Amino acid sequence: MDNSKDIMGLRKVSISQDFLENVDHSCLIEFGKTKVICTATIEENVPPFLRKTGLGWVTAEYGMLPKSTSDRMRREAKSVSQSGRTQEIQRLIGRSLRAGVDRVALGERQVVIDCDVIQADGGTRCAAICGGWVSLKLATNHLLSSGAIKFDPIIGNIAAVSCGIIDGKTKLDLNYQEDSNAETDANFVMNERSEIIEIQCSAEKKPFSKDEFEKLFNLANEGIKKIVTIQNSVFND
């Protein structure tokens, strides 16, 4: 897949559900050359702090294959602990997806979302959130069809996209090269109603203005609307 972008600046986004044969709730999501496998596992238990509360839980794990980038990285399984980046990203994914779930309707069970980056070219955390939502929706659809739950716990879509300022211009969905040269780097997580769930935005080379931030927000909002349409097409086919 090439890295060409549409008129809005979004790379080609595709989602293939049931990507893994031995996993019921999986998908492969691609943002240009970035590819992430997302799976959902339903566990009939919750963390100790939620026992006997009637509330469900959604959590996430994130990792990158050693050769998902041009230079081989060390497997974190061989390390004493996960890197700070990995911990930060998987917490972001979990927080983002929980924002779109009615945890009472989910019942006292946990859904674990695994996001494994098999090829990285920028925007892996955003792709993981978008694909993670699809795998979560596949899992909750299974719970509904099996009669394990009575009401759909999915409140709405959750999607994310990166954007930034490069040479004074706002750009959407940064690939690795663009991200490496960005003056401002941002990740926006929103729902289908354009409500904000989380924003990560930092000045990489120089401060940015309120007007520039608003341009980034508006660009991300339009990109997320298109991603939501792509997410929904998985279930409408």
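# Reading a predicted fold, one feature at a time

Trainee: Which residue does the side chain of K35 meet in a salt bridge?

Mentor: Here is the general idea: side chains of opposite charge can pair when their charged atoms come close. In this structure K35 meets E30, with 3.9 Å from N to O. E30 is buried, at a relative accessible area of 11%.

Trainee: How many salt bridges does the count come to?

Mentor: The count comes to 12. One of them joins R109 to E44, whose closest N and O atoms are 3.2 Å apart. This pair links distant parts of the chain, for its members are 65 residues apart. R109 lies in the loop between α2 and β5, and E44 in the loop between β3 and β4. R109 is buried, with a relative accessible area of 9%, while E44 is exposed at 54%.

Trainee: What separates K210 and E214 in helix α5?

Mentor: About one helical turn, because these two residues are four apart in α5. K210 is exposed, at 62% relative accessibility, and E214 is partly exposed, at 35%. Salt bridges may also form a network, as they do among E192, R193 and E195.

Trainee: Let's stay with α5. How far does this helix reach from its first C-alpha to its last?

Mentor: Helix α5 covers residues 210–236, which makes 27 residues, and it reaches 39 Å. That is close to the 39 Å expected at 1.5 Å a residue.

Trainee: Which residues of α5 are buried?

Mentor: Among them are L216, L219, A220, I224, I227 and V234. The list also includes N221 and Q231.

Trainee: Which strands does α5 lie across?

Mentor: α5 lies across β6, β7, β8 and β9, and runs at about 145 degrees to β6. Those four strands form an open sheet in the order β7-β6-β8-β9, with antiparallel pairing. β7 and β9 stand at the edges with a single partner strand each, so one side of each has no neighbour in the sheet. From one strand to the next, the twist averages 20 degrees. Helix α3 (residues 124–146) also packs on this sheet, where it touches β6, β8 and β9. The direction of α3 makes about 165 degrees with that of β6.

Trainee: How do I read the pairing inside a sheet? For example, how many bridges join β8 to β9?

Mentor: Look at which residues stand opposite each other, and at the direction of the strands. Seven bridges join β8 to β9, and the two run antiparallel. D185 stands opposite S202 in β9.

Trainee: Do β4 and β5 run parallel or antiparallel?

Mentor: They run parallel, joined by eight bridges. G63 has D116 in β5 as its bridge partner. Strand β3 runs antiparallel to β5, with nine bridges between them, and C38 stands opposite C115 in β5.

Trainee: Which residues touch the most other members of the largest nonpolar core?

Mentor: That core has 54 residues, and those touching the most other members are I29, V36, I93, L97, I113, C115 and L136. Helix α3 gives the most to this core, with 11 residues. Take V36 as a case to explore: beyond its neighbours within four places in sequence, its contacts include C27, I29, C115, V117 and A127.

Notes
Residues numbered from 1 in each chain as written. Predicted model: local features only at pLDDT ≥ 70, side-chain atom pairs only at ≥ 80, totals over all residues. Heavy atoms only, no water. Expected span 1.5 Å × (residues − 1). Buried < 20%, exposed > 50% of the residue type's maximum accessible area, 1.4 Å probe, protein only. Pairing = 2+ DSSP bridges. Axes fitted to C-alpha atoms, helices over the stretch in contact; angles between N-to-C directions. Contact = heavy atoms within 4.5 Å. Core = buried A, V, L, I, M, F, W, Y, C linked by side-chain atoms within 4.5 Å. Salt bridge = Lys/Arg side-chain N within 4 Å of Asp/Glu carboxyl O.
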